[in-house]
Amino acid sequence: MKETKDVACTTAVTISVKCNMCTKEMMTECSPEGNGASIGYNGGYDSEFIGDGVIVVFDICEECLFKIIEELKIPPSRVEYDT
Ligand SMILES: [Zn+2]
């Protein structure tokens, strides 16, 4: 048998996703998680730039992501999938 009681709970919901590079709002009706990329990186033991044990997390819109991709000397792999 389960006994119950009423409790008030709160849940964190994302209400805004802004690009860390250009500050543009990334959330749209069709892309509630943001039209772009969330990037997370955990600096390892020999990390020279971020630091050992440091985690950086940021969001970047598709336009800024495209600008970064254009700067790459080796193009990234690209996969097209059926939607
Ligand atoms: Zn941007």
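**A first look at a predicted model**

Let's start with burial. Of the 83 residues of this protein, 7% count as buried. Buried here means that 20 or more other C-beta atoms lie within 10 Å of the residue's own; exposed means 12 or fewer, partly exposed is in between, and the C-beta atoms are placed from the backbone.

Two notes on the source. This is a predicted model, where local features need pLDDT of at least 70, side-chain atom pairs count only at pLDDT 80 or more, and totals for chains, interfaces and linings use all residues. Residues are numbered from 1 along each chain as its sequence is written.

Now confidence. The mean pLDDT of the protein is 91, on the predictor's per-residue confidence scale from 0 to 100. 100% of the residues reach 70 or more.

Next, overall dimensions. The radius of gyration, taken over C-alpha atoms, is 19 Å. A compact globule of 83 residues would come near 12 Å; that rule is 2.2 Å times the number of residues to the power 0.38. Along the principal axes, the C-alpha atoms fill a box of roughly 65 × 40 × 30 Å.

On to the elements. The protein has 1 helix and 2 strands. In sequence order, the pattern is β-β-α. These are DSSP runs, numbered from the N terminus: helices are H or I with at least four residues, strands E with at least two. Among the elements, helix α1, residues 62-71, has the highest mean pLDDT, 96. Strand β1 has the lowest, 93.

Contacts now. Two residues are in contact if their C-beta atoms, placed from the backbone, lie within 7 Å. Take the contacts between residues at least 6 apart in sequence: 41% of them join residues at least 24 apart.

T23 lies in the segment before β1. Its phi is near 70 degrees, a positive value in a residue other than glycine. T23 counts as exposed because it has 9 C-beta neighbours inside 10 Å.

A37 sits in strand β1, residues 36-42. It has 15 C-beta neighbours inside 10 Å, so A37 counts as partly exposed. Beyond four places in sequence, A37 is in contact with I60 and L65. From A37 to D6 is 31 residues in sequence and 39 Å in space, C-alpha to C-alpha.

Last, G43, in the loop between β1 and β2 (55-61). What does G43 touch, not counting residues up to four places away in sequence? I50, G51, D52, G53 and V54. G43 and M26 are 17 residues apart along the chain, and their C-alpha atoms are separated by 26 Å.
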